[in-house]
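Visitor: Please take me through this structure, and let me ask for the rule behind each term as we go.

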Amino acid sequence: MKKNWRKYGLILVALLGLSELILRLGFGFCNAPLYIEDPDFEYVFVPNQYRFRFRNVVKTNEFSMRSEPINPTDTTVVLLIGDSVINGGNPTSHEELASTLLEKQFTEHYHQPVRVLNVSAGSWGPDNAFAFLKKNGFFGADVIGLVTSSHDAYDNMSHHKLVGENPNYPNKQYKVALYEFWHRYIYTLFIYHYIEAPLKEWLAPATQHAPNDVIHKFGTTFNTGYQQLADTTKAMGIPFLMYLHPELPEIAQNRYDSQGEEILAFARKNHIPVIDELKLHPPKDLFRNPDFDSIHYNAKGQAFMAKHLYPVLKQYLDAYFAQHARSHRP
């Protein structure tokens with residue numbers, strides 16, 4: 001009997017060890033991209049990371065962008081700014097990002113380096129992005145594109161503590177992959193979210209405070225980042241455009257909600273060119289998980305976004321190179 005228990009114990013240990021290795025080496029557990037807090041724009045990826053997560057590569061440069069390092073010889077720069085739609089997160093590998101695709105296409109077309117820098121973070125609003133640029137500079141941008149969606153209209157910074165509190169914004173690695181799998185993807189996503197938190201709220205509704213996983217408080221003020229970006233780029237002489245990305249319910253109804261319409265009205269009032277993605281009729285298979293995620297693109301969706309950003313950005317780059325060539329004539 002003791003031999004059998006010992007045998008079963010060894011088998012269990014071997015299975016646990018194998019599972020630990022598979023989670024670590026095959027799926028990148030204990031290797032999540034980490035975040036840091038910032039007093040000006042709330043949070044951003046830790047700079048200079050290289051992570052293998054869910055079989056995808058997540059890289060950040062010295063400015064926490066999902067881009068290759070900045071080079072002093074970078075003379076032609078496109079800034080793509082926004083939230084998780086262009087950031088991609090863990091499910092999108094570096095080479096699949098719209099910004100990476102555009103950088104490669106423009107560099108090949110112009111036969112010289114053209115940087116397309118990805119300035120973004122999950123759940124950032126335009127005010128986050130502007131605060132980041134105000135603090136770090138505009139990187140010599142020749143054109144700036146803001147990728148935005150209807151929900152950004154009133155999504156203002158709240159500076160609630162997220163980093164290290166919300167499991168989607170970790171500031172340190174788990175030490176055991178099996179525990180990370182249990183705690184982050186079983187307990188947090190299902191047991192806490194659907195059972196424990198609702199039960200606590202039901203038992204003590206009057207004393208409950210806003211949970212730590214609340215990202216922003218939606219107020220009544222139109223996000224200040226839109227006007228800040230419009231005014232600053234105009235003052236600096238940098239072409240500025242917006243790419244309005246619809247969610248699946250908006251695509252199904254073939255119209256934006258009231259917040260999306262406000263964004264379009266703001267763009268018209270401020271004479272800002274808009275790539276209206278709703279008019280491009282993006283199919284459902286571009287989305288990462290249409291049954292549960294109505295906004296984020298998969299790799300095919302990132303390529304779709306790059307395809308439609310390319311000709312508009314190219315117009316500005318053509319003008320830049322034409323002016324640059326004239327200024328260097330003898």
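Guide: Start with helix α3, where the face turned away from the buried side carries the exposed residues Lys104 and Glu108. This is a predicted model, in which local features need pLDDT of at least 70, side-chain atom pairs count only at pLDDT 80 or more, and totals for chains, interfaces and linings use all residues. Residues are numbered from 1 along each chain as its sequence is written, and side-chain values use heavy atoms, with hydrogens and water left out.

Visitor: What makes a residue exposed or buried here?

Guide: Relative accessible area, taken with a 1.4 Å probe and protein chains only: under 20% is buried, over 50% is exposed, and in between is partly exposed. In α3 the buried residues are Ala98, Ser99, Leu102, Glu103, Phe106 and Tyr110. They are on the same side of α3 because they cover an arc of only 130 degrees around the axis, the arc being that of the directions from the helix axis to the C-beta atoms.

Visitor: How do you know that the span of α3 agrees with its number of residues?

Guide: Helices are DSSP runs of H or I of at least four residues, strands are runs of E of at least two, and both are numbered from the N terminus. The expected span of a helix is 1.5 Å times one less than its number of residues. For the 13 residues of α3 (98-110) that gives 18 Å, and the end C-alpha atoms are 18 Å apart, so the two agree.

Visitor: Why is the pair of glutamate 103 and arginine 115 called a salt bridge?

Guide: The term requires a side-chain nitrogen of Lys or Arg within 4 Å of a carboxyl oxygen of Asp or Glu. Glutamate 103 and arginine 115 meet at 3.0 Å, N to O, so the pair qualifies. The pair links distant parts of the chain, glutamate 103 in helix α3 and arginine 115 in strand β6 (115-120), 12 residues apart. Glutamate 103 counts as buried at 18% relative accessibility, and arginine 115 counts as buried at 7%.

Visitor: How many salt bridges does this rule give?

Guide: The count comes to 10. Among them is aspartate 40 with lysine 135, whose closest N and O atoms are 2.9 Å apart. Aspartate 40, at 37% relative accessibility, is partly exposed, and lysine 135, at 44%, is partly exposed. Asp38, Asp40 and Lys135 are linked in a network of salt bridges. Another salt bridge joins lysine 59 and glutamate 68 at 2.7 Å.

Visitor: What makes β1 and β2 a pair?

Guide: Two strands pair if DSSP finds at least two bridges between them. β1 and β2 have four, in the antiparallel sense, so they pair. Aspartate 38 has glutamate 42 in β2 as its bridge partner, and the two strands form a hairpin with three residues between them.

Visitor: How do you know that threonine 60 is buried?

Guide: Its relative accessibility is 7%, so it counts as buried. Threonine 60 sits in the loop between β4 (56-59) and β5 (77-82). Beyond four places in sequence, its contacts (heavy atoms within 4.5 Å) include Phe45, Pro47, Met65 and Ser67.

Visitor: Which backbone atoms does the side chain of threonine 60 reach?

Guide: The backbone oxygen of valine 46 at 2.9 Å, and the backbone nitrogen of glutamine 49 at 2.8 Å.

Visitor: What joins the side chains of tyrosine 174 and histidine 183?

Guide: A polar contact of 2.8 Å. The term means a pair of N or O atoms within 3.5 Å; within protein, one must be able to donate a hydrogen and the other to accept it, and residues adjacent in sequence count only if both atoms are side-chain atoms. Tyrosine 174 is in the loop between β7 (143-148) and α5 (177-203).
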